[in-house]
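We will go from stop to stop, picking out one piece at a time.

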Protein chains: 2
Amino acid sequence: MTMKLYCFGESGNAYKAALQLHLSGLDWEPVWVDFFGGASRSPEYREMNVMGEAPVLVDGDLTLTQSGVIQMYITEKTGKFGGNTPEEAREVMRWMFWDNHKMSSQAGMTRFLTNFLPEKHRNADVNAFNQGRLKAALQTLNTALEGRDWLVGDGPTNADFSCCGYLFYPEPYGFDRAEWANIDRWLGNISALPGWKPPYDLMPGSPADRA
Amino acid sequence: MTMKLYCFGESGNAYKAALQLHLSGLDWEPVWVDFFGGASRSPEYREMNVMGEAPVLVDGDLTLTQSGVIQMYITEKTGKFGGNTPEEAREVMRWMFWDNHKMSSQAGMTRFLTNFLPEKHRNADVNAFNQGRLKAALQTLNTALEGRDWLVGDGPTNADFSCCGYLFYPEPYGFDRAEWANIDRWLGNISALPGWKPPYDLMPGSPADRA
């Protein structure tokens with residue numbers, strides 16, 4: 001049965017799952033969530049996911065939420081991208097937790113605040129605060145990638161797919177690849193993977209649709 | 001061999017691991033990290049953890065960071081608190097990821113901004129922004145606990161230990177148990193567990209030491 005990923009193009013958290021599903025060669029299809037129209041705040045959606053977030057993966061009778069859990073589940077099905085040893089598996093989880101706590105959380109926030117939040121609600125002090133936190137996360141990631149092609153082991157894992165969630169988007173939000181040499185090189189490794197696609201090519205919905 | 005948990009009393013992320021180690025009856029000891037003195041920013045500490053964070057667990061030759069990974073590892077050793085079925089295990093992970101992304105991240109931030117950040121660096125707009133995000137996370141948690149004693153299944157799991165990380169601290173930071181009936185009841189269930197201790201009783205270091 002075709003798996004369904006509830007998602008929207010602008011969601012880097014959904015992109016993590018979409019990219020892994022795609023690169024794993026699994027049978028899946030995206031189902032567009034009208035996030036900016038408030039769909040994820042509806043009672044029906046909250047019934048499916050009390051957290052009110054995307055992505056949600058439906059595989060037959062199983063409904064999973066949180067990109068990290070969906071990533072672990074896809075790896076269970078395929079044996080791919082979870083690390084080759086118990087040590088690597090822990091290291092993959094380590095970067096996934098860090099990403100959720102510090103990297104994608106902050107990149108998603110700054111991108112929302114500087115691109116999608118209506119102008120009248122934007123605040124210079126709040127932006128400066130969040131830009132500072134984004135820079136700190138990028139610094140940690142850039143340092144970790146010194147001399148490495150991938151975050152864990154010798155090939156791509158969920159650690160990479162998680163941490164890159166918001167880093168391929170074209171909208172400016174405070175992340176400029178040219179300023180972060182190791183991150184830039186590593187993103188090049190990811191986008192060179194056979195079949196790789198950027199977020200708006202894997203999931204329906206983009207700012208262009210709302211222009 | 002006695003496990004060492006690098007931690008400091010003010011860290012709710014470290015408390016998650018300390019509480020689980022303690023309730024699991026394992027042989028461990030805390031090692032104080034002088035976080036407010038800048039210890040986690042030192043080259044030596046960054047060598048141990050590029051993320052510059054606490055907690056860090058050292059078990060013989062194994063060094064683990066990220067509270068979520070440490071929680072999973074303790075569960076591997078003991079078989080406790082990870083959920084009783086594959087479905088429960090995924091649900092536990094789901095709350096751990098959500099907590100890292102939305103709950104403890106935000107509670108830790110607001111607590112830092114309103115208690116530990118020097119007055120001259122505080123900003124009313126930034127505080128209001130973060131208080132709004134804290135409230136949204138508390139709302140999700142309170143809703144999920146409606147009619148439930150524990151987040152997953154019929155007993156305490158890492159989901160509970162993760163989400164409660166910052167919720168037992170005495171310093172005011174925008175969380176008042178009296179405003180959140182389900183969270184208040186659930187925290188009561190956790191603190192009624194045999195042997196339970198609050199953060200400053202499990203880990204060295206507290207604001208009192210720096211007063």
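**Starting in chain B**

Select B:Lys4 to begin: its bridge partner in S3(B) is B:Val58. This is a predicted model, in which local features need pLDDT of at least 70, side-chain atom pairs count only at pLDDT 80 or more, and totals for chains, interfaces and linings use all residues. Residues are numbered from 1 along each chain as its sequence is written, chains are lettered from A and ligands numbered from 1 in the order in which they are written, and side-chain values use heavy atoms, with hydrogens and water left out.

Now widen the selection to strand S1 (residues 3–7) and strand S3 (residues 56–59) of chain B, which pair in the antiparallel sense over three bridges. Two strands pair if DSSP finds at least two bridges between them. The helices (H or I, at least four residues) and strands (E, at least two) on this tour are DSSP runs, numbered from the N terminus.

Axes here are lines fitted to C-alpha atoms, for helices over the stretch in contact, and angles run from 0 to 180 degrees between N-to-C directions.

In which order do the four strands of the open sheet in chain B come? The order is S2-S1-S3-S4, with mixed pairing. Strands S2 (28–32) and S4 (62–65) of chain B are at the edges with a single partner strand each, so one side of each has no neighbour in the sheet. From one strand to the next, the twist averages 20°.

**Over to chain A**

Select residues 1–82 of chain A, the span that an unreviewed UniProt entry annotates as "domain: GST N-terminal". UniProt positions are given in the numbering used here, feature names are shortened, and annotations may be inferred rather than shown by experiment. The span is 37% helix and 22% strand, and its end C-alpha atoms lie 23 Å apart.

Within chain A, an open sheet of four strands runs S2-S1-S3-S4 with mixed pairing. Pick strand S3 (residues 56–59) of chain A and S4(A): they pair in the antiparallel sense over four bridges. A:Val56 has A:Thr65 in S4(A) as its bridge partner. Helix H3 (residues 67–78) of chain A packs on this sheet, touching S1, S3 and S4 of chain A, and its direction is at about 130° to that of S4(A).

**Helix against helix**

Show H1(A) and H3(A) together; they pack at an angle of about 10°, with their axes 9 Å apart. That makes H1(A) roughly parallel to H3(A), a label for angles under 35 degrees, while over 145 counts as roughly antiparallel, 65 to 115 as roughly perpendicular and the rest as oblique. To see the contact, display A:Asn13, A:Lys16, A:Ala17, A:Gln20 and A:Leu21 in H1(A), which meet A:Ser67, A:Ile70, A:Gln71, A:Ile74 and A:Thr75 in H3(A).

Display A:Ser67, A:Gly68, A:Gln71 and A:Met72 in H3(A), and you will find them meeting A:Met93, A:Met96 and A:Asn100 in H4(A).

Key:
Contact = heavy atoms within 4.5 Å.
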